[in-house]
Amino acid sequence: MHIRPFTGQDYEPVAEINTLITPERPITGPFLARLDAEREPHLLHGRFVAEEDRRVVGVAGYGQWADILVPGEVFVYVRVHPAFQRRGFGAALYEALLDRLRRLGIDSMKVTLASDRLPGINFAMRRGFIEY
């Protein structure tokens, strides 16, 4: 297992993982790249990927959105390819995310999960997230 910062080479595998996790909202690598290019530069944003045998198997990210900007707060997510879940990739990605956010001085995180995503809800609750 290797955790590293996201690079431009990661758009396609990250889009694939996102689509596997939320098939009702399929996305592509070029779509993600366009979102990043259009992001307002003053808003915080970043991603990490998890690799196994040089294959991207998970992604974690944080970001702020201009229309709901709260200073010191970011939205976060962790997604792991279904074939690699429950093997520690999500936990390792989350720890990398926490480390980065601490260094940035972020003191509040939010996550949005659909009510039918029980594995994701359980993952978040084990890490102290509460429903609001």
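1. Helices (H or I, at least four residues) and strands (E, at least two) are DSSP runs, numbered from the N terminus. This is a predicted model, in which local features need pLDDT of at least 70 and side-chain atom pairs count only at pLDDT 80 or more, while totals for chains, interfaces and linings use all residues. Residues are numbered from 1 along each chain as its sequence is written, and side-chain values use heavy atoms, with hydrogens and water left out.

2. Arg54 is located in the loop between β2 and β3 (55-63). Its phi is near 65°, which is positive although the residue is not glycine. Most residues other than glycine have a negative phi. The relative accessible area of Arg54 is 79%, so the residue is exposed (over 50%; buried is under 20%, partly exposed in between, with a 1.4 Å probe and protein chains only).

3. Arg86 belongs to the loop between β4 (73-80) and α3 (89-104). Here too phi is positive in a residue other than glycine, near 65°. With 81% relative accessibility, Arg86 counts as exposed.

4. Helix α2 spans residues 29-38, and its buried residues include Gly29, Leu32 and Asp36. These lie on the same side of α2 because they cover an arc of only 65° around the axis (the arc of the directions from the helix axis to the C-beta atoms). Exposed Pro30, Ala37 and Glu38 are on the face turned away from that buried side. Among the elements covering the buried residues of α2 are α1 (11-21) and β2 (45-52), where contact means heavy atoms within 4.5 Å.

5. Phe6 and Tyr11 are edge-to-face, with 4.8 Å between centres and 80° between planes. Phe6 is buried at 17% relative accessible area, and Tyr11 is buried at 17% relative accessibility. Phe84 and Phe89 are also edge-to-face, at 5.9 Å and 85°; both are buried.

6. The ring of Phe6 also has the charged end of Arg47 over it, 4.7 Å from the ring centre. The criterion is NZ of Lys or CZ of Arg within 6 Å of the ring centre and within 35 degrees of the ring normal.

Notes: Rings of Phe, Tyr and Trp (its six-membered ring) pair if their centres lie within 6.5 Å; planes under 30 degrees apart count as stacked, over 60 as edge-to-face and the rest as tilted.
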